[in-house]
Structures are given as C-alpha cells and as structure tokens.
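Grab a pencil and open the viewer.

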Amino acid sequence: MGEGIVRLLATASQTAGPYFRIGFAWFYVDDLGGEGERVVVQGRVYDGERAPVPDACLELWRAEPPGFGRVPTDAAGVFRFATIVPGRVPGGGGRLQAPHVAVALFARGVLRRMATRMYFPGEAANADDPVLALVPPARRATLIARPVRAGVVEWNVVLQGEGETVFFELP
C-alpha cells in the first residue's frame with residue numbers, strides 16, 4: 001500500500017445484524033392483546049430489489065388500548081401478528097389520529113431503527129389523520145394495510161426503491 005493511503009474496515013459499531021434469531025426468541029410477542037375487533041396482520045419485508053429480508057425484526061406499539069409486540073421475519077421475509085383495531089388517540093394540535101400501529105423496523109445494514117406506521121383499511125378516520133396528511137397522496141397507500149379476508153389484512157414493507165414504504169424521522 002502506498003504512503004498516505006488509509007484503508008477503512010468495518011468494525012462492530014458500523015455493522016448490524018443479522019442477530020435477531022440469536023438469543024432474541026424469548027423477546028418475541030406476536031399478539032398485542034386487547035378486547036375488540038381482532039385482526040391478523042401478515043406481510044413481508046422486502047429490500048430495494050424486491051428480495052425478501054429474512055432476518056428483520058418489527059417492534060409494534062398500539063396506543064389505545066396499549067399493546068406491544070415484537071415479531072421476526074422468517075426465511076421468506078414473512079411476519080405475522082395479531083391485534084385489535086385500536087381506538088383513536090390525540091395527535092399534534094389535539095387532532096385525533098386514525099387507528100394505527102406504530103412500527104420500528106430493524107434489519108441487517110440498518111444502523112438506526114426505521115420508524116413507520118400501519119393504518120387499517122376502510123377507516124374513515126384515515127382521511128383526517130394529521131400524520132397521513134403529511135404524506136404525499138401517492139405514497140399514503142404504503143402505510144395502509146389491504147384487506148385479505150375477514151379478520152386478516154396484509155401490509156408489506158419495502159425498504160427502498162419503487163413502492164418504498166414511508167418512513168419517519170425520529171427526534
């Protein structure tokens with residue numbers, strides 16, 4: 001190597017995953033609980049080339065009633081969790097938010113969690129949600145699950161590229 005040339009190598013603090021299967025299984029919770037209209041949410045996590053991400057982890061928060069879950073993706077990038085359709089909660093300026101589940105996604109190569117939301121299909125309140133209103137209309141569909149059959153919705157996450165899911169900056 002010539003004088004003055006510096007070779008940079010990745011260190012443990014610069015790489016991420018795939019660690020979610022090692023010692024994490026006891027953290028997984030695939031049912032957010034609660035009483036009300038039960039819904040199973042199923043989907044896949046895709047990378048920018050539309051290949052499944054087999055070792056991602058999604059953390060899930062439901063505000064009303066409170067519920068928390070954490071689910072991994074399998075070898076085909078598939079995840080699944082159960083919840084109830086939550087109630088509305090106040091947002092910025094006191095405006096009510098539409099029913100949704102807040103999601104943080106972790107995956108290999110992702111150094112900071114990626115924050116997004118999953119909204120429920122057919123909710124009239126989606127039209128008034130202050131967060132959805134911030135998203136360009138053509139991209140809102142990336143945040144709203146699609147009905148599959150009674151009690152089951154599908155919501156896929158695309159990390160980048162065409163059809164990329166909307167992600168939010170966290171403070």
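This is a predicted model: local features need pLDDT of at least 70, side-chain atom pairs count only at pLDDT 80 or more; totals for chains, interfaces and linings use all residues.

Before we start, one definition: a residue is buried under 20% relative accessible area, exposed over 50%, and partly exposed in between, with a 1.4 Å probe and protein chains only. Residues are numbered from 1 along each chain as its sequence is written, and side-chain values use heavy atoms, with hydrogens and water left out.

**Exercise 1. Sketch the fold.** List the secondary structure elements of the protein chain and say how much of the chain is buried.

Step 1: Take helices (H or I, at least four residues) and strands (E, at least two) as DSSP runs, numbered from the N terminus. The protein chain has zero helices and nine strands.

Step 2: Now for burial. Of the 171 residues in the protein chain, 41% count as buried.

Step 3: Check the contacts (heavy atoms within 4.5 Å). Among those with a separation of 6 or more in the protein chain, 62% join residues 24 or more positions apart.

**Exercise 2. Work through the salt bridges.** Find salt bridges in the structure and place their partners.

Step 1: Look for a side-chain nitrogen of Lys or Arg within 4 Å of a carboxyl oxygen of Asp or Glu. The structure holds four such salt bridges.

Step 2: Start with Asp-55 and Arg-108, whose closest N and O atoms are 2.6 Å apart. Asp-55 sits in the loop between strand 1 (38-46) and strand 2 (57-62), and Arg-108 in the loop between strand 5 (100-106) and strand 6 (114-119), so the bridge ties together parts 53 residues apart in sequence. Asp-55 is buried at 9% relative accessible area, whereas Arg-108 is partly exposed at 44%.

Step 3: Go on to Arg-70 and Glu-59, with 2.7 Å between the closest N and O atoms. Arg-70 belongs to strand 3 (residues 67-72) and Glu-59 to strand 2, so this pair ties together parts eleven residues apart in sequence. Arg-70 is buried at 12%, and Glu-59 is buried at 13%.

Step 4: Asp-31 is partly exposed at 34%, and Arg-38 is partly exposed at 39%.

**Exercise 3. Find the core.** Which residues have the most contacts inside the largest nonpolar core?

Step 1: Collect buried Ala, Val, Leu, Ile, Met, Phe, Trp, Tyr and Cys residues joined through side-chain atoms within 4.5 Å.

Step 2: The largest such core has 25 residues, and those with the most contacts inside it are Val-41, Val-45, Leu-58, Leu-60, Phe-79, Leu-105 and Trp-155. Strands 1, 2, 4 (78-84), 5 and 6 each supply at least two residues of this core.

**Exercise 4. Classify the ring pairs.** How many aromatic pairs are there, and how are the rings of Trp-61 and Phe-68 arranged?

Step 1: Pair rings of Phe, Tyr and Trp (its six-membered ring) if their centres lie within 6.5 Å; planes under 30 degrees apart are stacked, over 60 edge-to-face, and the rest tilted. The whole structure gives three aromatic pairs.

Step 2: Trp-61 and Phe-68 have ring centres 6.0 Å apart and planes at 50°, so the pair is tilted. Trp-61 is partly exposed at 34%.

Step 3: Phe-79 and Trp-155 have centres 6.4 Å apart and planes at 75°, so this pair is edge-to-face.
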